[in-house]
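Colleague: I would like to go through this model with you, one local feature at a time. Could you take my questions in turn and show how you reach each value or name?

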Amino acid sequence: MYVKHCIGTLIVLIAFFCQVWSQETTNEPPKQRPTKDIYLGIGSWADLPCTDGISEGLQWRRNGSLVGSGPVLNIRNASLGDKGIYTCHGPNGDTIEMLHLHLGYAPSPPEVQCWIPSYPLKALCSWTQTPDPLLPTHYITTYWSDSEEQLPAVHSCQKQREQDRQCVVEGVDLNPDTQYLVNITAVNALGSATRILSISLEDIVKPDPPVDVKATALPGKKVQVQWAPPPTWTDPVTFPLKYKVHFYWGNPNLDSTLGPYETDSMVRSGLPAGRTYQIRVSAMDFLGYGLSSEWSDPVSITLPKS
Ligand SMILES: *[C@@H]1O[C@H](CO)[C@@H](O)[C@H](O)[C@H]1NC(C)=O
Ligand SMILES: *[C@@H]1O[C@H](CO)[C@@H](O)[C@H](O)[C@H]1NC(C)=O
Ligand SMILES: *[C@@H]1O[C@H](CO)[C@@H](O)[C@H](O)[C@H]1NC(C)=O
């Protein structure tokens with residue numbers, strides 16, 4: 001009698017737990033299938049599979065609109081118009097598969113350019129990619145000195161963010177014989193591509209333009225032009241700059257470039273009264289290494305009629 005009661009209680013208990021358990025499972029929201037990311041090259045082919053053992057009555061939708069039927073959706077000569085969220089539906093409308101199709105290109109070797117705006121402290125390298133990969137692409141950027149023998153130490157060319165297209169070579173060696181090799185490798189879901197650029201520091205010096213350019217009319221049809229070295233050129237005393245000054249009125253291509261000057265000012269005389277001149281200044285490494293800076297923004301001055 002006692003044993004019977006016990007077993008009875010046990011059965012009731014088991015039944016109760018079973019009920020609670022089954023309620024809990026049925027109360028759970030239907031499991032959302034994770035969206036799969038699929039990366040596809042423009043112009044390529046792909047077969048999107050719908051996996052669930054079902055082969056009849058399957059439908060494919062892109063962004064909700066019907067685009068095909070059957071267990072496999074064939075994409076031929078993919079174009080940007082094929083981008084979107086693809087869902088495969090069973091005969092009862094259930095979503096069996098959810099694919100996010102991204103289109104783009106594998107990276108091409110980056111077009112890299114390096115210059116030194118702040119000799120001797122750092123070199124900047126920036127790059128472009130044609131065609132634009134259109135997909136998230138990150139860059140692995142390193143450099144090493146070519147003159148080091150045997151195994152050179154590889155340093156990281158510093159970036160703010162992984163997807164930035166510019167990096168900084170810090171603490172570059174002033175020795176004009178030092179060659180650096182810069183490795184810019186682009187990586188995305190479709191592939192990777194590397195460009196190795198050999199840079200010789202003396203070839204890539206390019207100061208920023210001079211700043212604080214001022215023009216003042218002086219008696220006797222003269223103009224004094226003053227400027228300051230670019231603030232990025234941190235040590236103009238040890239590594240002096242020389243300057244060119246461009247005067248023009250009307251067409252800036254009419255050349256009247258004066259200099260080089262090794263000072264921070266110059267005076268031009270014999271200018272006709274009443275005419276308005278535009279004046280701009282450019283800087284270059286004193287020893288003539290590398291490239292001239294871009295021109296500063298022009299300042300204008302009108303010579304008073306006396
Ligand atoms: C692929 O598509 C592009 C652009 O839509 C078209 O120019 C090209 O001829 C197509 N190629 C093939 C093989 O269909
Ligand atoms: C589908 O939607 C995505 C994102 O909402 C959009 O980028 C894509 O162009 C759409 N595709 C089509 C074919 O409408
Ligand atoms: C350039 O960098 C990539 C990525 O780190 C690396 O795989 C490749 O070997 C490097 N190339 C050379 C020549 O060092």
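Predicted model: local features only at pLDDT ≥ 70, side-chain atom pairs only at ≥ 80, totals over all residues.

Colleague: Is His89 buried or exposed?

Modeller: The relative accessible area of His89 is 6%. Buried means under 20% relative accessible area. His89 is therefore classed as buried.

Colleague: Which backbone oxygen does the side chain of His89 reach?

Modeller: The side chain of His89 takes part in a polar contact of 2.9 Å with the side chain of Thr87. At 3.2 Å, the side chain of His89 also reaches a backbone oxygen, and that oxygen belongs to Gly93.

Colleague: Turning to the ligands, what is the distance between the side chain of Asn63 and an oxygen atom of ligand 2?

Modeller: The residues around ligand 2 are Arg62, Asn63, Gly81, Lys83 and Gly84, and this shell divides into no nonpolar, three polar and two charged residues. A polar backbone atom of Lys83 is 3.0 Å from a nitrogen atom of ligand 2. For Asn63, an N or O atom of the side chain lies from an oxygen atom of ligand 2 at a distance of 2.4 Å.

Colleague: What is the phi value of Asn63?

Modeller: Asn63 is found in the loop between β3 (59-62) and β4 (65-69), and with a relative accessible area of 55% this residue is exposed. Its phi is positive although Asn63 is a residue other than glycine, with a value near 50°.

Colleague: Which other loop residue has a positive phi, near 55°?

Modeller: The residue lies in the loop between β15 (211-218) and β16, and it is partly exposed, with a relative accessible area of 45%. The residue with phi near 55°, again not a glycine, is Lys221.

Colleague: How much of the area that ligand 3 exposes when taken alone does the protein bury?

Modeller: Around ligand 3 are Ile140, Trp144, Asn183, Thr185 and Ile196, of which three are nonpolar, two polar and none charged. Polar side-chain atoms lie 2.3 Å from an oxygen atom of ligand 3 in the case of Asn183 and 3.2 Å from an oxygen atom of the ligand in the case of Thr185. Taken alone, ligand 3 exposes 360 Å², and the share of this area that the protein buries is 44%.

Colleague: Which elements give two or more residues to the shell around ligand 3?

Modeller: The shell residues around ligand 3 include Ile140 and Trp144, as well as Asn183 and Thr185. The elements that give two or more residues are β10 (138-145) and β13 (179-188).

Colleague: Why is the pair of Trp227 and Tyr261 called tilted?

Modeller: The pair belongs to a cluster in which ring pairs link Trp227, Tyr243 and Tyr261. Planes under 30 degrees apart count as stacked and those over 60 as edge-to-face, with the rest tilted. The ring centres of Trp227 and Tyr261 are 6.4 Å apart and their planes stand at 55°, so the pair is tilted.

Colleague: How far apart in sequence are the parts that this pair ties together?

Modeller: Trp227 lies in strand β16 (residues 222-228) and Tyr261 in strand β18 (residues 257-261), so the pair ties together parts whose separation in sequence is 34 residues.  Trp227 itself counts as buried, at a relative accessibility of 5%.

How values were computed
Residues numbered from 1 in each chain as written. Chains lettered and ligands numbered in written order. Heavy atoms only, no water. Near = heavy atom within 4 Å. Polar contact = N/O pair within 3.5 Å; in protein donor to acceptor, adjacent residues only side chain to side chain. Areas by Shrake-Rupley, 256 points an atom, 1.4 Å probe, with all protein chains shown as cover. Helix = DSSP H or I, 4+ residues; strand = E, 2+ residues; numbered from the N terminus. Nonpolar A, V, L, I, M, F, W, Y, C, P; charged D, E, K, R; others polar. Phe/Tyr/Trp six-rings, centres within 6.5 Å; stacked < 30°, edge-to-face > 60°. Buried < 20%, exposed > 50% of the residue type's maximum accessible area, 1.4 Å probe, protein only.
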